[in-house]
Amino acid sequence: MDINVIFNGCLTVFVTVNFLANSHKNQNQMLSKEKKLQICDNITNSDVFKKAPKSSALLKYLVKSTLEGNYLKEDIIDLEFFGEKDNLNNSSPRIRVNIYNLRKKIDNYYETEGANASWRLCIDKGQYSVSFEKQDLRKTTFRNVKLTQILPYILLILVSLFYIISNSKSEPPKLWGSYFKNDKKKSILVVADFFGMQGKTVTGGHGWVRDYNINSSEEYYELIEDKPELKETIQPAHYYFTTSMGAEATHYISKLFYNHNSDFDVRYTSNTSVVDLKKWNLIFVGPFLNKDKFISLFNDFNPYFKLEGEKLILERHPKLKDTIFTTYFKGEDRDFSIVSRFKGPNQNECFLFFSNHDIGVKATVEHFTNKDSLDVFNKKYMNEKENFTALYEVNGKERTNLGLKNIMVVPY
């Protein structure tokens, strides 16, 4: 077949698809407000949504806001739907996770009860407003076109699609494969949040105060017992604090799990119990200096490394010399990061990402959820090995990763 004929045929199909898409947009504009609300009610009253009151309420809120012409973005949803006034200046993965779960439930609805519905409610990726699209494409669009004219192009497209699909079916990355197995252990992403106090700041005002040595209410009251004069100066804050590393880590891990048809829960360290460390497959993102249960988990179950304050100790390795690493770089343009994968207390999977600043965790999570970088890492370090600890120097600017330098990788 002549290449020009193939090109023109593909172009014809492309134009036809665009014509149909524009037709759907025009039809969407003609759909009445009452019909759109009825479509929303049909979804929230379905079996898929009956046991998901939060997703039902969130969908109704998004539909109502869209129909009223309101501008939707994360902080507005956080304030209006979740009612969180205190977190407006903090980056939280909660909105994205809830929208992600809502999209999955909508897809599930249209795969089951809504399979024959005339209209489909959509929330495009990266958007929070809803749209409505016609589900069934009328064959009358092609009734004036002879089958013999378009058959070669249909066959070409089918062959191309088959090639693309067959080559896109890849096995889960070796380091993550056990997280995607259909067993009884679900996966949990735990994002570090920080205990804080309210009191006098260094500028003389009143605000939220962070002390790396005080990481819980219990430690606060121990401090007050030792220094009772501070009782009138500082009090436990009513909320914990998290940084942008949580949002970016959730983004990259969500993409990885979505591509392999799997799911996970998101929690904060303040809402994670010791029982969770034994029960589930874990992913953790957080800093070294936040003295919490994940530092203890790393020290207890990592065979060769141990974290002590700002020091990382390598010892008892059969081939490597005992070494002490300083995990702190001056300034915020360089960061020390640890990535460690090992078996936990109940042979559960543990994948931990530590750093001092945001950029270390951001860079390493991105690196270890990228297929190409994972392929290179596996070939170079993981021959007949399942677990490892890797150390990195991360260079960045304004909390943005600009480069990742390998210091050491220890497979085991």
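This is a predicted model: local features need pLDDT of at least 70, side-chain atom pairs count only at pLDDT 80 or more; totals for chains, interfaces and linings use all residues.
**Group meeting: rings, charges and a helix crossing**

Tyr 220 has an aromatic partner, Tyr 221, and the two rings sit edge-to-face, 4.9 Å centre to centre with 75° between the planes.

Another one is Phe 284 with Phe 294, and here the rings are stacked, with 10° between the planes and 4.3 Å from centre to centre. Phe 284 belongs to strand β8, residues 281-287, and Phe 294 to helix α11, residues 293-301, so this pair ties together parts that are 10 residues apart in sequence. Both Phe 284 and Phe 294 are buried.

There's also a cluster to look at on screen. One aromatic cluster is formed by Trp 176, Tyr 179, Phe 180, Phe 257, Phe 264, Phe 351, Phe 353, Phe 368, Phe 377, Tyr 381, Phe 388 and Tyr 392.

Leu 189 is in strand β3, residues 187-191, and it's buried, with a relative accessible area of 0%. What does Leu 189 touch, leaving out residues up to four places away in sequence? You get Thr 250, Ile 253, Phe 264, Asp 265, Val 266, Arg 267, Ile 283 and Val 285. As for Ser 254, that residue is 65 residues from Leu 189 in sequence, and the C-alpha to C-alpha distance is 9.9 Å.

Now for charges over rings. Lys 186 puts its charged end over the ring of Trp 280, 4.8 Å from the centre. Over at Phe 82, Arg 94 lies over the face, 4.6 Å from the ring centre.

Last stop, the helices. α4 covers residues 53-67 and α6 covers residues 94-111; their axes come within 10 Å and cross at roughly 95°. Who makes the contact? On the α4 side, Lys 54, Ser 55, Leu 58, Leu 59 and Leu 62; on the α6 side, Asn 98, Ile 99, Leu 102, Lys 105 and Ile 106. Sorted by class, that contact has 6 nonpolar, 2 polar and 2 charged residues.

How values were computed:
Residues are numbered from 1 along each chain as its sequence is written. Side-chain values use heavy atoms; hydrogens and water are left out. Axes are lines fitted to C-alpha atoms, for helices over the stretch in contact, and angles run from 0 to 180 degrees between N-to-C directions. Helices (H or I, at least four residues) and strands (E, at least two) are DSSP runs, numbered from the N terminus. Contact means heavy atoms within 4.5 Å. Ala, Val, Leu, Ile, Met, Phe, Trp, Tyr, Cys and Pro count as nonpolar, Asp, Glu, Lys and Arg as charged, and the others, Gly among them, as polar. Rings of Phe, Tyr and Trp (its six-membered ring) pair if their centres lie within 6.5 Å; planes under 30 degrees apart count as stacked, over 60 as edge-to-face and the rest as tilted. Buried means under 20% relative accessible area, exposed over 50%, partly exposed in between (1.4 Å probe, protein chains only). A charge sits over a ring if NZ of Lys or CZ of Arg is within 6 Å of the ring centre and within 35 degrees of the ring normal.
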